[in-house]
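Please look at the sequence and the model first.

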Amino acid sequence: MNMEKLFLTHYYFPGTDPWKNIMLLPKEEAFRVAAELAAQHPDTASFGRFADFVNYYPLRDEADRFVRETFIRLGGSPKLPHPYCFTLMECEYLRNWFSGGEKIVLDLSSLPDDQVSFTLGDSCALLSRKATAAVLTKSMLLDQLRKAGSVEDFLKTLPEGYAYVEAQLWDRITG
């Protein structure tokens, strides 16, 4: 398996700034922005979570905190309190969720080991289902990919209902 070909993808709604993370805003401002975005995009899956922000916000906050604290225990040194969420490789489900929008692609080999973590499935969705998110460092993920033989074979080992590996980028790195 050639590790140089691994990349992370961040999908985002057309015309929005992918480097704006609502969770990095002060709480009151985050709720205001979420209400505006939900009102502007009522029929869009990616903004649907903002229509229910009173439930989404604490869940996202808890998931980010859990992943961050676990990543620190594993040797990570995150610069941000909340990450930018990517997926390992491509994910058709997320591309559609963001209305076939735009994306940022970063070469995994170019990212500092102490600024990227991974969960096997969506960390927020895992938490909402009361499942424990398995947090991996970059070297842990690469080791599991090597053992599986390919990304495709590795994805088959994910918990049922999870089609991708979520990557958390803990610094604004534009690759």
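Predicted model: local features only at pLDDT ≥ 70, side-chain atom pairs only at ≥ 80, totals over all residues.

Residues are numbered from 1 along each chain as its sequence is written, and side-chain values use heavy atoms, with hydrogens and water left out.

**Nonpolar cores**

- A nonpolar core is a set of buried Ala, Val, Leu, Ile, Met, Phe, Trp, Tyr and Cys residues joined through side-chain atoms within 4.5 Å; buried means under 20% relative accessible area, exposed over 50%, and partly exposed in between (1.4 Å probe, protein chains only).
- The largest nonpolar core has 27 residues, of which Leu-8, Phe-86 and Phe-118 touch the most other members.
- Apart from it lies another core of 16 residues, including Phe-13 and Tyr-56.

**Thr-9**

- Thr-9 is buried, at a relative accessible area of 1%.
- A polar atom of the Thr-9 side chain lies 2.7 Å from the backbone oxygen of Met-89.

**Aromatic pairs**

- Rings of Phe, Tyr and Trp (its six-membered ring) pair if their centres lie within 6.5 Å; planes under 30 degrees apart count as stacked, over 60 as edge-to-face and the rest as tilted.
- The structure holds eight aromatic pairs.
- Trp-19 and Tyr-84 form an edge-to-face pair, because their ring centres are 4.7 Å apart and their planes at 80°; both residues are buried.
- Phe-31 and Tyr-57 form a tilted pair, with centres 5.3 Å apart and planes at 50°.
- Phe-31 is partly exposed at 28%, whereas Tyr-57 is buried at 11%.

How values were computed
Polar contact = N/O pair within 3.5 Å; in protein donor to acceptor, adjacent residues only side chain to side chain.
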